[in-house]
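Have the structure open as you read.

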Amino acid sequence: MNNNVIIGTAGHIDHGKTTLIKALSGIETDTTQEEKDRGMSINLGFAYFDLPSGKRCGVVDVPGHERFIKNMLAGVSGINLVLLLVDSREGIMPQTKEHIDILTLLGIENYIIVMTKIDLVEEEYRELVKEDIQEFISGTVLENSPIIEVDSISKKGLDTLLATIDKKTEDIAAKNVEKNARINIDRSFQVKGFGTVVTGTLTEGVINVGDELVIYPKEVKAKVRNIQVHSKDVETAYAGQRTAINLANIKFDDVKRGDTLATAGSLTKTYMIDTEIKLINDERANLELWDRVRIYIGTEEVMARVVPLGTDLLKAGESSFAQLRLEEEIAVKNYDKFIIRTYSPMITIGGGVILDANPKKHSRFNEEILEKLKVQLEGNTTDLIANYLLSHTDYLNSKENILKELQLPKEEVEESIIQLLEGTTIYETKLGYIHKKKYDEVLEKLKKLLSDYHNRYKLKVGIPKIEVLSKFKISQKEMLELLDLFILNNEIRLEGNLVAEKDFEVNYDKKQLAEKERIEKALLDGGFTPPSVKELTNGEKPKVELLESLIDNTIVRLDADLVLHEKVFKDAVQKVEDHFKTNNQIGLAEFRDMTGSSRKYSMAILEYMDKIGITRRLDNYRVLVKK
């Protein structure tokens, strides 16, 4: 059972919403003098009452007047059940219809229709109004909603209404408290002696006194000083509760209605969103390329331009994909819902859901993008994870990132990852998972790079790893993991520090083979003071190419003109490591005496050991790098 039920009221102006709430809760939600003077709700009013079962209901009194429609939209966020009020004297009115459109577009499915002011109407007339309501809701999401007749002044029908609310909220799923905390701020004000207070419905997660949160989209850090739920101080607020939060060290200008208070890193700041939009069946609802519209999301209103995707026209009564180019930055995440109204006159024409909160500008008829959006809209957990890995800017993504970004149950994610690995849709590395398409994309480029290199340098075993890393616009950390994965999957091979095609071999003719043996013998015989590259090759191109084919294989290059045989270099490394068994440092002179090499070669060998991470220079000495 969910003990944090949020009820919203909706309906035409003067149909009795505020009076009904006062009758149920004893709380008057017309709190400002302007509201009392004008006899209508301007801002969102908050109240609460207890049901016969003991559940406590928070109530959002959403205003019904056309001018305050965005306030009503703000109030809808986080609502579990809606009381749709209809005056028994007037029946369904234009704003009643618009409220139903908005609530339906936002995906709210739980309704009770409340016929108000029944004491002012004859029973026969009430029956006619009731029939009109039933006819009006036929074929809509409200079709099977109960219709309760009440009078808020005489309290007639209120017990029946409370019992119906109790029954209707039995099966409402508890809000997910495991997700990151988020409140769409609908009020922000100063309280003398306390500072800045914000209010809203905690739609996800949990907030504790002392928590560090972020005000989006400015990304201002804020600390929770105090929390109130239903006018009482509490240590913790849970998803589904109406909440007032006192923020420490926050200036009044740092936060406003429309901002979002959330866990750091949980929302995406963006000027562009890829969406699915559903338009109402009204000829005024057609949308064309670059049409300017009003977007209402959370408690924010922002202007946007429409870019249809996969079609030239968003047709009334239909659902279509579209990119929205926003005129102001917002902070959202995938699957957030929104409402669309025309720029002028302001008419509600549709609603939608965010499928990609951080897209790039792309072709309107890009089949790959359209398929990705279709998966986002309809896909199961397995599809969503595969889609996330395919579309993310990083090549490798950890399970922690997947859980954080997709906000899916951990067990489902782990099961889906196993399925994806077994079907080789994704691969696993120490840094995370990669989609097969991305894997193939990098591998194809790498194989072409290797093929071109082998064709050009037939005597070279492969490309130095450091050179391979420089050819890809991927972080070195990720690329090293991918190279290890390619080697593990027998796609390529590594010879020392050289990357090569798995089947490539250097083929020497008799003359080259003899030259190879001569160079290697000269270097072995030279020990720690071998001949230089110039002395070995006399600068002759064929000999230079042959010598270079041995680099990182049987020869270690210290610098442009100094080389060692790999066996000699390994001997030098062993001598240094043996030295460090009883010493903390080694100097140039000590190393020179140890190897019997010249000062020039001793310096070059030690500098190369520094370069590859065996030693580290400290003033005029070297120390061993701890592994």
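## The barrel

Two strands count as paired if DSSP finds at least two bridges between them. Helices (H or I, at least four residues) and strands (E, at least two) are DSSP runs, numbered from the N terminus. This is a predicted model, where local features need pLDDT of at least 70, side-chain atom pairs count only at pLDDT 80 or more, and totals for chains, interfaces and linings use all residues. Residues are numbered from 1 along each chain as its sequence is written, and side-chain values use heavy atoms, leaving out hydrogens and water.

Strand S19 (residues 292–297) pairs with strand S23 (residues 337–342) in the antiparallel sense, over four bridges. Val-293 has Thr-342 of S23 as its bridge partner. Both strands belong to a closed barrel of six, in the order S17-S22-S20-S19-S23-S24, with antiparallel pairing. From one strand to the next, the twist averages 40°.

## Helices across the strands

Axes are lines fitted to C-alpha atoms (for helices, over the stretch in contact), and angles run from 0 to 180 degrees between N-to-C directions. Contact means heavy atoms within 4.5 Å.

Helix H4 (residues 94–105) lies across S17 (268–279), S23 and S24 (348–356), at about 10° to S24. Helix H7 (residues 367–378) lies across S17, S20 (300–309), S22 (319–332) and S24, and runs at about 100° to S24.

## A helix pair

Helix H9 (residues 399–406) packs against helix H10 (residues 410–422) at an angle of about 130°, their axes 11 Å apart. Lys-399, Ile-402 and Leu-403 of H9 meet Lys-410, Val-413, Glu-414 and Ile-417 of H10.
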